[in-house]
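Student: I am new to this structure and would like to go through it step by step. Could you show it to me before I start asking?

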Amino acid sequence: MSELLFYPILVLLLIIQLAIVRYLPLFNGTADILLLWLAAWGLQNKGKHVWIGAIFAAVLLSFASAVPWYAYFVTYLILALMSRLMNRHFWHNPLIALLFVVFFGSLLEYIIQFVVLLVQGISINFLESLKFIIVPSTFLNLLLAIPVYVIVSDMAQWVYPKEADE
Amino acid sequence: MKKISARQWLVFTVILVAAGILLLSISGYLNVIIGKAASPAVSVESWVSTRYQAIYEFLTVPRDINTLRQQNSALQDEVSQLQSQVLELQQQLNESQILYALLDFARSKPENRYVAASVIGRDPSPFLSYIIIDHGSDNGIRKGMPVVTQQGLVGKVDAVTATAARIQLITDPGSEVNITLKEAKTDGQVSGSVTGDLSLARISTSVDLTEGDLAITNGLGGTYPSDIVVGQILSPSKGENDLFQKAAVQPVVDFSNLKAVLIITNFTPVDITPLVPETSQ
């Protein structure tokens with residue numbers, strides 16, 4: 001039941017993303033703290049409900065962003081799947097699993113957005129996007145991945161009672 | 001003759017002494033005498049008093065330090081409160097300066113009706129240049145309305161909720177603005193990009209582009225009203241076999257530091273999409 005706490009936190013993260021994180025660019029790229037939160041949540045042993053979180057985050061972002069809604073749904077659902085798979089296979093080494101999920105999740109997110117915008121008829125230069133958005137954003141995501149994972153892990157210990165772990 | 005008694009002599013002597021003292025006092029001689037007589041007593045009193053003060057201070061100093069510490073922390077609290085007040089006032093001053101500038105701009109174009117709004121966020125996608133403002137349809141804002149600042153064109157309203165709206169900036173890769181170059185007196189189009197740079201397109205090679213030429217909206221296409229400043233031409237380039245010239249455009253609006261904007265609410269954008277013939281790919 002206390003897992004419900006993750007949902008208002010996603011709303012809070014969206015507000016932080018729009019009002020703060022988007023104003024802290026590296027070149028033109030910025031971190032995606034919702035993606036980091038979902039990746040860290042999915043890598044928790046009891047984070048099997050990350051799917052619902054991914055859908056919830058995608059709904060929130062669809063309202064806020066001009067990017068078509070399906071881009072976030074596809075990205076976050078694949079991210080949730082990746083994090084659960086990594087949790088099953090690399091449960092003993094969460095750091096590698098985290099960096100793997102964040103790296104490929106970020107690349108996936110930005111490449112999906114690039115393709116979706118291209119399909120919409122917006123002319124975007126791929127090399128420019130790679131140099132100024134995709135690589136810097138992925139780097140920022142990797143940089144913030146560990147602090148976010150630590151926060152989510154601490155929170156998970158409180159949200160998921162110890163009896164439930166065993 | 002009646003004999004004067006000893007008691008009467010005593011009374012007489014006392015009256016005489018008192019009169020003498022009074023006379024000495026009036027004449028000023030008494031002060032010298034009293035001064036000389038009191039001097040040792042004053043010295044002793046001074047010595048005792050100094051020692052007493054020293055002992056008193058010695059005994060009460062720790063209590064004073066505590067009092068001073070309390071006063072110090074109270075003053076520090078006051079200083080930090082005043083500092084936060086100063087920051088708040090500075091912020092209010094900045095906001096009011098921005099609003100005054102916007103008001104001046106609005107007064108300079110009385111034919112338009114404006115709604116001022118604060119910028120509260122940006123689009124979460126780094127590919128897009130959109131901002132979110134704190135006014136929506138409840139304040140009369142509708143999709144397509146142009147957005148400006150006192151400096152120039154910002155963009156147009158892309159989506160509206162009751163209390164907020166999303167603005168597509170002219171630097172967005174999907175944005176195109178029809179402009180006229182003031183000196184060259186020719187029409188062209190300014191487009192955005194993923195890096196937030198503006199570029200000029202569709203200017204014939206026969207036109208002489210000069211650096212610093214001002215690009216203003218020409219109203220073509222019905223998306224923006226005319227005569228709003230967009231930017232200045234930078235580094236024009238002309239290829240030998242190109243149909244059109246290229247140039248970068250320096251926007252007049254500082255998009256990285258956009259705090260407040262004006263939405264022109266009495267401008268109705270015209271959707272000319274049905275009139276545009278489909279081009280075969």
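Student: Which residue ranges does the domain assignment give for domain 1 and domain 2 of chain B?
Tutor: Keep in mind that this is a predicted model. The domain assignment divides chain B into two named parts, with domain 1 covering 10-108 and domain 2 covering 114-270.

Student: How many residues of domain 1 and of domain 2 of chain B take part in the contact?
Tutor: The C-alpha centres of domain 1 and domain 2 of chain B lie 67 Å apart. On the domain 1 side, the residues that touch domain 2 of chain B divide into 6 nonpolar, no polar and 1 charged. The contact itself takes 7 residues from domain 1 of chain B and 7 residues from domain 2 of chain B.

Student: What box do the C-alpha atoms of chain B fill along the principal axes?
Tutor: Buried residues make up 25% of the 281 residues in chain B. Taken along the principal axes, the box that the C-alpha atoms of chain B fill is roughly 160 × 45 × 40 Å.

Student: In what order do the 6 strands of chain B close into a barrel?
Tutor: The pairing in this barrel is antiparallel, and from one strand to the next the twist averages 45 degrees.

Student: Which residue in β5(B) is the bridge partner of B:I133?
Tutor: Strand β2 (residues 130-133) and strand β5 (residues 165-169) of chain B run antiparallel and are joined by 4 bridges. In β5(B), the partner that B:I133 bridges to is B:A165.

Student: Which helix supplies the largest share of the side of chain A that touches chain B?
Tutor: Between the chains, 24 residues of chain A are in contact with 18 residues of chain B. On the chain A side, α1 (6-19), α3 (50-64), α5 (94-119) and α6 (126-159) each supply at least two residues, and by class that side has 13 nonpolar, 9 polar and 2 charged residues. The largest share, 5 residues, comes from α6(A).

Conventions:
Residues numbered from 1 in each chain as written. Chains lettered and ligands numbered in written order. Predicted model: local features only at pLDDT ≥ 70, side-chain atom pairs only at ≥ 80, totals over all residues. Contact = placed C-beta atoms within 7 Å. Nonpolar A, V, L, I, M, F, W, Y, C, P; charged D, E, K, R; others polar. Buried ≥ 20, exposed ≤ 12 C-beta atoms within 10 Å, placed from the backbone. Pairing = 2+ DSSP bridges. Axes fitted to C-alpha atoms, helices over the stretch in contact; angles between N-to-C directions. Domains from an automatic or database assignment.
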